[in-house]
Amino acid sequence: MTYSVYFDGELLGKALYHSAVSLALFCEQQGFETLIDQNNENINIETGRKHDPISVSARSKNQQSHDAVLKLRDILRTEGLDLLKEPSIILYLDIIEQQYDDQQLIIEHNVSLDERLRNLLIIEFNKAKIPFVFKEKKNLAADGKQQLAFRSQFTEDDQQIVSISRALIRYCSIKPSAQNMPFTFLPAPLIRTWLNTFLDSSVSQTKEKKEAPKISEKAVKPERNKSIAAVSSIDANKPKKANAEVFLNYTMLIPRADDDQKEYMVNGSIIMKNTGDLDLKNPVICIKVPTDPGISLQGQILPPKLVAGLAMKSNDGEKGWKYVYDDWRERVKTKGEYWITSIQDLTIPPGGTELFNGLKVIIKESKNSSVGIHAFVYFNEGKYQYASNNAISLSF
């Protein structure tokens, strides 16, 4: 007796009856969703990328916008994202007609934008070194759906489309609680090939595209009996690992040409996301700047001796950020290092995100032709250390 195996609605092949439960469990451990339909003798495997249906279109009517939309649709469709159902994410790709040398990618969004999707977009654009700016727009409907309009110059071989695709695939592939799923980001065609290695080749070679049968009310997930618990315990015994992604989200204000005093201002935040499966506790942030008297970090960061009197009060105690060392000024002067930590105990659970919103750097007539600002974060009393994925670089 065999079970027919479907992947995202496509018939891949057959699996032996006695191995059906183990196959379904193994796929679940890799981050997929599985259902066994005992009545119809089917196993249905889903990537889990269909939880957030997406609509991609253009508001401007020109060929360049149309081509960008088709390219993004093709990538998302190939990777198993749902473009057919009523969307929960609405995307627009619009062309900016006039191009400038310092053209930024403008991302207009409504108030429903998920912070996790925003952070993933920031990560991808920073990795690709694409200048961008987020703008919240009240004229984009806030009906519970996330709406984003990307406005730029899209070309045939556009890195912006690739970065948007990567952020959406990551957003739709992993639930906030899921971590370390080794096959989650494999391209859908490779996942099909990998699954075929477990199946009867005489059926999988047909490559026949069929609609997956509807699941009956008796369709069940694999039961967790003693033998199955032994299989799943293999994954449970894996050592847990700590990991984090740290990146800088910032905007830059430059002086006008007629300003007598050339003062540049960087405003932003340091985003710390726990991408491992261990708690990350009490972050200590090191912001490193050149040892230049014209460069200074400002904001609501308290010296240790002033915490008791000036820190924000709440029902849970004092909150905010403080310098780690009493001699913080001397450390800035000699090493260009600002060491900062949270006043209250702070724990970032797996999948969680914490922000340091006090990133405000003033640069006045620097003696250097370029300035680089870097960030490092230490967790659990320095046991885990991470450098930011991106840096702030200025050239004069």
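A nonpolar core is a set of buried Ala, Val, Leu, Ile, Met, Phe, Trp, Tyr and Cys residues joined through side-chain atoms within 4.5 Å. Keep that in mind for the first stop. The model on screen is predicted.

**Overview**

Show the whole protein as a cartoon. It has 9 helices and 24 strands. Of its 396 residues, 45% count as buried. Now consider contacts with a separation of 6 or more: residues 24 or more positions apart account for 75% of them.

**Stop 1: the largest nonpolar core**

Select Ile54, Leu91, Leu93, Phe125, Leu148 and Phe150. In the largest nonpolar core, which has 35 residues, these six touch the most other members. Next, colour the elements that give two or more residues to this core: β5 (54-57), α2 (63-78), β6 (89-95), β7 (105-109), α3, β8 (132-136), β9 (146-152) and α4 (159-173). Helix α4 gives the most, with 7 residues.

Centre on Phe125. Leaving out residues up to four places away in sequence, its contacts are Leu105, Ile107, Ile130, Phe132, Phe150, Gln160, Ser163 and Ile164. As background, nonpolar side chains in soluble globular proteins tend to be buried together.

**Stop 2**

For another case of a charge over a ring, select Arg59 and Tyr92. Arg59 lies over the face of Tyr92, at 5.0 Å from the ring centre.

**Stop 3: a four-stranded sheet**

Select β10, β11, β21 and β14. They form an open sheet in that order, with antiparallel pairing. The edges are β10 (244-253) and β14 (295-298), each pairing on one side only. Neighbouring strands here are turned against each other by 25 degrees on average, direction ignored.

Zoom in on β11 (residues 263-274) and β21 (residues 353-364). They pair in the antiparallel sense over 10 bridges. Pick Met272: opposite it, in β21, stands Glu354.

β14 and β21 run antiparallel and are joined by 4 bridges. Ile295 stands opposite Ile363 in β21. Which residues of β14 are on its covered face, and which on its uncovered one? Ile295 and Leu297 are on the covered face, whereas Ser296 and Gln298 are on the uncovered one.

Now show helix α3 (residues 115-127). It lies across β10, β11 and β21. Its direction is at about 80 degrees to β10.

**Stop 4: two ring pairs that share Trp339**

The structure holds 7 aromatic pairs. Select Tyr325 and Trp339. What kind of pair do they make? The ring centres are 6.4 Å apart and the planes are at 80 degrees, so the pair is edge-to-face; that label needs planes over 60 degrees apart. The pair links distant parts of the chain, 14 residues apart. Tyr325 is in the loop between β18 (321-323) and α9 (328-335), while Trp339 is in strand β19 (residues 337-342).

Trp339 lies in strand β19 and Tyr378 in strand β22 (residues 370-379), so the pair ties together parts that are 39 residues apart in sequence.

Trp339 is buried, with a relative accessible area of 17%. Tyr325 is partly exposed, at 30%. Tyr378 is partly exposed too, at 22%. The cut-off explains the labels: buried means under 20%, so Trp339 qualifies at 17%.

**Stop 5: Glu33**

Finish at Glu33, in strand β3 (residues 33-37). Then draw a C-alpha to C-alpha distance from Glu33 to Glu46. It reads 5.1 Å, with the two residues 13 apart in sequence.

Note on methods. Residues are numbered from 1 along each chain as its sequence is written. This is a predicted model: local features need pLDDT of at least 70, side-chain atom pairs count only at pLDDT 80 or more; totals for chains, interfaces and linings use all residues. Side-chain values use heavy atoms; hydrogens and water are left out. Two strands pair if DSSP finds at least two bridges between them. Axes are lines fitted to C-alpha atoms, for helices over the stretch in contact, and angles run from 0 to 180 degrees between N-to-C directions. Contact means heavy atoms within 4.5 Å. Buried means under 20% relative accessible area, exposed over 50%, partly exposed in between (1.4 Å probe, protein chains only). Rings of Phe, Tyr and Trp (its six-membered ring) pair if their centres lie within 6.5 Å; planes under 30 degrees apart count as stacked, over 60 as edge-to-face and the rest as tilted. A charge sits over a ring if NZ of Lys or CZ of Arg is within 6 Å of the ring centre and within 35 degrees of the ring normal.
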